[in-house]
Amino acid sequence: MVLKEYLVQESPLSFHWMFAFCGLTEYAVAKESLTVSRPEEVSAAEGAGLPITALTAHKALVDVAGIKLDGSGPRMNILVIAASGGVGHYAVQLAKLGNAHVTGTCGARNIEFLKSFGADEVLDYKTPEGATLKSPSGQKYDAVVHCARGIRWSTFEPNLSNTGKVIDLTPGPSSMCTYGWKKLTFSKKQLLPLILMPKEDKELKLLIKLVKEGKLKTMFDSKHPLSKAQDAWAKSLDGHATGKIIVEIQKLLFSY
């Protein structure tokens, strides 16, 4: 597809299906409906993190949890699992824009990092207290943005409000079984698998606007030249990145 609107733009930004690409390339075909212009105020590295991770956080919080980013909705209690990671650190910021009370989980080294992004409470997942996911202030969660694996429904359930929901960003067979069972039993507490399938560019335009206005920030864990792309892959697979991992190809960037 020819991006007619962006032929004169130096730096368009586009969403690409993660399942369609298994490597790095300087050029790719982009859908015009999922492409936006990147303003000069937003760096290429900042923009590179938005099409997958920030969009995922936005969909989970706005479309599923029901948060109003202008703060006009009821105040919600949100838990973000792996809150210092790529999706997680965007989720914390977006939830705070929606006037939510935010609790995040992370390792001890990232506690102050999460607080700097606005988290009201932080749980060290490696401690016995953190492993229970119980809010330090005793609040029940209206929604959980689950950005990790290996946490059982039995751990989430006692910490949810009466109509609380766990939004699973990496659903496996166990999650799908729990989702089906909760639907069949008409449970008010739900586990909801999230599949990112944007059809238009309005969400990406909103995220670009928030970055331009300084309301949404991208934290960089590390940046790697293309010749060291294997280091970026290894760091991504390790699962302990703080923010985004960037691969640079001259003036082009890829984000994990």
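Biologist: Before we start, what should I know about the numbering and the cut-offs here?

Modeller: Residues count from 1 along each chain as its sequence is written, and because this is a predicted model, local features need pLDDT of at least 70 and side-chain atom pairs count only at pLDDT 80 or more, while totals for chains, interfaces and linings use all residues. Side-chain values use heavy atoms, with hydrogens and water left out.

Biologist: How many helices and strands are there?

Modeller: The protein has 9 helices and 11 strands, taken as DSSP runs numbered from the N terminus, with helices being H or I of at least four residues and strands being E of at least two.

Biologist: And which residues have the most contacts inside the largest nonpolar core?

Modeller: Those are Leu50, Ile78, Val80 and Val145, in a core of 41 residues; such a core is a set of buried Ala, Val, Leu, Ile, Met, Phe, Trp, Tyr and Cys residues joined through side-chain atoms within 4.5 Å, where buried means under 20% relative accessible area, exposed over 50% and partly exposed in between, using a 1.4 Å probe and protein chains only. Helix α2 gives the most to this core, with 7 residues, and apart from it lies another core of 11 residues, including Leu123 and Trp153.

Biologist: What joins β4 to β5?

Modeller: Strand β4 (residues 101-106) runs parallel to β5 and is joined to it by 4 bridges, at least two DSSP bridges being needed for two strands to pair, and threonine 103 has glutamate 121 in β5 as its bridge partner.

Biologist: Switching topic, how many salt bridges are there?

Modeller: A search of the whole structure finds 8, each a side-chain nitrogen of Lys or Arg within 4 Å of a carboxyl oxygen of Asp or Glu.

Biologist: Where do the partners aspartate 120 and lysine 96 sit?

Modeller: Aspartate 120 is in the loop between α4 and β5 and lysine 96 is in helix α3, 24 residues apart, and their closest N and O atoms are 2.9 Å apart. Aspartate 120 is partly exposed at 35% relative accessible area, and lysine 96 is also partly exposed, at 26%.
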